[in-house]
Amino acid sequence: MPRKPIDITVPDLSGTRAVVTGASDGIGLGIATRLAAAGAEVLLPVRNPRKGEAALGKLRAQVQDADVSLRSLDLSSLASVAALGKTLLEEDRPIHLLINNAGVMTPPERQTTDDGFELQFGTNHLGHFALVAHLLPLLRAGRARVTSQVSIAANRGAINWDDLNWERSYSGQRAYSQSKIAFGLFGLELNRRSAAGDWGITSNLSHPGIAPTSLLAARPELGRDKDTLGVRMIRAMSARGILVGTVRSAQLPALYAATSPDAEPGRFYGPNGPGHLGGAPGVQKLYSRLSSPEQARRIWQISEELTRVPFPHS
């Protein structure tokens, strides 16, 4: 039986400058395409220029008058993050939307970033943390909304406070959960600090549910030469309309959180279907692991120390 289409209305975004990480394929490319179709100028910071050019071609095929361009960014390199910050600061144009969507998931063997951090923690959390810090003047100038994409994995596991880089005992799934818990705590703490310090930005969280994206597909650069059994099962279930979402429906929570006039600061948005695996987007009950302001302050301080990129303290 055909799946009933699910969609939302994206408001007119003319005059809006948006940055979407992880937009060279999958959910991120879909989000960027919808923003461009609504009239936003969209920046796609990408690690792989060839993949980025292919993404631009796909986007422009769907939105012929799209105002979209590439920038260089490797979230696993703090030098690359700083370089993008410098580039955009030199362009000196306010940013109105930032969707932190990029991520890596469960390399079978422990890998590290250019700066020596466990790859998932360093990319999914620390890279985005540093990016927001570098872009803060532009985000403040645009009174931006920042939406950070977490995962249902943030509803299990914990932060491995005694071994954040998983040097003593590596588990790909537990390290992935940690990265998304840390990232979610950061997104909520960003909203609190902005309100307290009058930074003028708002921050919320989204999660895409479960969909057949490339996160669990074959990724030779992560040491995964074949698609995982998990992604093969997800593809089969998605094609049959069983529980999980589609790549298109998985875009909607972040789009809603980032653009809807009804989406609120400091809230959490995701699919409202069974198990919150798929379905139309809506507000979610905050995961218990994301609910502690004390842990949020702790990971914030540690992240400033590790990245050596400070935020304002007033």
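The second largest pocket of this predicted model holds about 160 Å³ of space. Its lining is made up of Asp25, Gly26, Leu29, Gly30, Thr33, Arg34, Lys58, Gln62, Arg248 and Gln251. Three helices each contribute at least two residues to the lining of this pocket: helix 1 (26-37), helix 2 (49-62) and helix 7 (247-259). Helix 1 gives the most, with five residues.

The chain passes from strand 2 through helix 2 to strand 3 in a right-handed β-α-β crossover. Strand 2 (residues 41-46) and strand 3 (residues 67-72) are parallel and pair over six bridges.

Strand 4 (residues 97-100) has partners in strand 1 and strand 5. Strand 1 (residues 17-20) runs parallel to strand 4, and three bridges join them. In this pairing valine 20 stands opposite isoleucine 99. Strand 5 (residues 145-149) is likewise parallel to strand 4 and is joined to strand 4 by four bridges; here leucine 98 faces valine 146.

In soluble globular proteins, nonpolar side chains tend to be buried together. The largest nonpolar core of the model contains 50 residues, of which Leu139, Ile159, Phe186, Leu190, Leu290 and Phe311 touch the most other members. At least two residues of this core come from each of helix 3 (78-91), helix 4 (119-141), helix 5 (172-197) and helix 8 (293-307). Helix 4 gives the most to the core, with eleven residues. Beyond its neighbours within four places in sequence, isoleucine 159 is in contact with Leu164, Gln178, Ile181, Ala182, Leu185 and Ile299. Another core, of 34 residues, lies apart from the largest one. Its members include Leu13, Leu35, Val46 and Ala55.

The loops on either side of strand 4 hold several residues of note. Most residues other than glycine have a negative phi. Aspartate 92, although not a glycine, has a positive phi of about 55 degrees. Aspartate 92 belongs to the loop between helix 3 and strand 4. With a relative accessibility of 60%, aspartate 92 counts as exposed because this value is over 50%.

Threonine 106 has a positive phi as well, of about 45 degrees, and is not a glycine. This residue is located in the loop between strand 4 and helix 4. Its relative accessibility is 15%, which is under 20%, so threonine 106 counts as buried.

Glutamine 111 is also placed in the loop between strand 4 and helix 4. The relative accessible area of glutamine 111 is 23%; this residue is therefore partly exposed, as the value lies between the 20% and 50% limits. Glutamine 111 and tyrosine 170 are 59 residues apart along the chain, and their C-alpha atoms are separated by 9.7 Å.

Definitions and conventions. Residues numbered from 1 in each chain as written. Predicted model: local features only at pLDDT ≥ 70, side-chain atom pairs only at ≥ 80, totals over all residues. Heavy atoms only, no water. Core = buried A, V, L, I, M, F, W, Y, C linked by side-chain atoms within 4.5 Å. Buried < 20%, exposed > 50% of the residue type's maximum accessible area, 1.4 Å probe, protein only. Contact = heavy atoms within 4.5 Å. Pairing = 2+ DSSP bridges. 1 Å grid on protein atoms, 1.4 Å probe; cavity = no way out; pocket = protein on both sides within 12 Å on 5 of 7 lines; lining within 4 Å. Points joined across faces, edges and corners; volume = space filled by probe spheres on them. Right-handed = clockwise from strand over helix to strand, strands pointing away.
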